Amino acid sequence: MNQNDLLNLRHATLKEARDEMSNLLSSRAANHSLDAPLYNDPHMFRIDMEEVFQKEWLFVGMTSEAPKRGDYFTVEIGQNPVLVIRDADGSINAFHNTCRHRGSRICTEHRGKVANLVCPYHQWTYDLKGNLLFAGTEMGDSFDKQKHGLKRAHCKTAGGFVFVCLADDAPEGDFDDFLHTLEEYMEPYDVENTKLAIESNMYERANWKLVLENNRECYHCAANHPELLNTLLEWDDTQDPRAPQDFLDHYQAQSDKWDEENIPHQHKSFGPGLRNRIVRMPLKKGTKVMTIDGGHGCNKMLGRVKNAELGSMRILHLPNSWNHMQSDHFIVFRVLPISAQETLVTTKWFVHKDAVEGVDYDPERLRKVWDATNEQDRVLGEQNQLGINSIAYQPGPYSETYEFGVVNFLEWYTDTILKHIKDK
């Protein structure tokens, strides 16, 4: 079999996988889990990468991770290395981290600072806006540097969040509405004056959708997350059908205090399946932030915040992020698929930029709750994946009260995949 035969076979296999994926999603029961191939088949994983992670807006990090000119961080989206950097005029740009000469990665460190971007292979040099400055006289007199700048990825920022999209034409619509609200709701925290205190990376041997499904419900919390439930109230938001009256009364008392400080808190959601959602929720009475005892995590409050009991402003962005904004620190989570049955979950804790480690905050105290929770969720996700891989597995029903967030997520996922496949 020659190379063309192999290429044709691969295209035929992918077409068959697309057809099967379309059939499975079109015929699935809306309140049931997915068929096994959608959680474990490598061909369907490739379609997820092409139709979701290479076409939708993805959360990659925070603007305060690149606070000054030339500061950068990198991220791997499947096989696509991406570079996020702050340029001389203060703008955040995203580029494909691949040299226009022979394709080598340019920035090989996870984060750093540069005057210019220099490829380590042959020293091609780019400025902070991606323009090619130097390629050497070896390229000849006819070589046009202007045609060989770095390839940009779409990049938008709002409220300190950085989103990128790898598609040729990035989707807009309700995403821009979400960004406008995100800017408003994040204003009290003054993210530009925060800093990254801790970062952790966890490899989970489970499909990325199982990671998101686990996050979208707290049905499992009472049996699995004792540290988290020291402070977290399991109700998803004020519209949660399970929420009792004493919780609603607690929310009202807290929200009255938030109103006095002009702290936004009303539920806002955008897109199908509540794809983008922001809601501020109180924590348990007598607790301030998500530490093991509910006491402060950092001595310095964020931004213009004065009330230590801001609860947690929960921000969801599908397909790859959930976040908790609190009075003295905030936590962001990023999900990136590695393979059909492996996912990278990154957790980052941010504090006021002037906070001093060991004086104003203790990293171990700050991270203890979510380190435990992440590890517990990793075990749950991996056991879930192993069960789905069984020949005995068949899609099971979700609880429409306890697992409505999962139903919403899979509604969004199904609509997104079918829309993109149909457009092929």
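Which residues does the UniProt annotation "domain: Rieske" cover? In the unreviewed entry, this annotation covers residues 57-164; UniProt positions are given here in the numbering of this text, feature names are shortened, and annotations may be inferred rather than shown by experiment. The structure is a predicted model, in which local features need pLDDT of at least 70 and side-chain atom pairs count only at pLDDT 80 or more, while totals for chains, interfaces and linings use all residues. Residues are numbered from 1 along each chain as its sequence is written, and side-chain values use heavy atoms, with hydrogens and water left out.

**The annotated stretch and the sheets**

Helices (H or I, at least four residues) and strands (E, at least two) are DSSP runs, numbered from the N terminus. Strands of a sheet pair through backbone hydrogen bonds, either parallel or antiparallel, and here two strands pair if DSSP finds at least two bridges between them.

Another open sheet consists of three strands in the order 6-7-8, and its pairing is antiparallel. Its edge strands, strand 6 (117-118) and strand 8 (132-134), each pair on one side only.

| Strand pair | Bridges | Residues standing opposite |
|---|---|---|
| Strand 3 (residues 80-86) and strand 4 (residues 92-96) | five | Arg86 and Ile92 |
| Strand 7 (residues 125-126) and strand 8 | two | Thr125 and Phe134 |

**Two packed helices**

Two packed helices are described by the angle between their axes and the distance between the axes. Helix 5 (residues 208-215) packs with helix 9 (residues 404-423) at an angle of about 145°, and their axes are 8 Å apart. In this contact (heavy atoms within 4.5 Å), Trp208, Lys209, Leu212 and Glu213 of helix 5 meet Val406, Phe409, Leu410 and Tyr413 of helix 9.

**Local features**

A search of the whole structure finds one disulfide, a term that stands for a pair of cysteine sulfur atoms within 2.5 Å. This disulfide joins Cys218 to Cys221, with an S to S distance of 1.9 Å. The torsion about the S-S bond of Cys218 and Cys221 is about -110°, and the disulfide is therefore left-handed.

Most residues other than glycine have a negative phi, and most peptide bonds are trans. Asp190, in the loop between helix 4 (174-186) and strand 11 (194-204), has a positive phi near 50°. A cis peptide bond joins Leu318 and Pro319, with omega of about 20°, and Pro319 is found in the loop between strand 14 (312-317) and strand 15 (321-325).

How values were computed: Axes fitted to C-alpha atoms, helices over the stretch in contact; angles between N-to-C directions.
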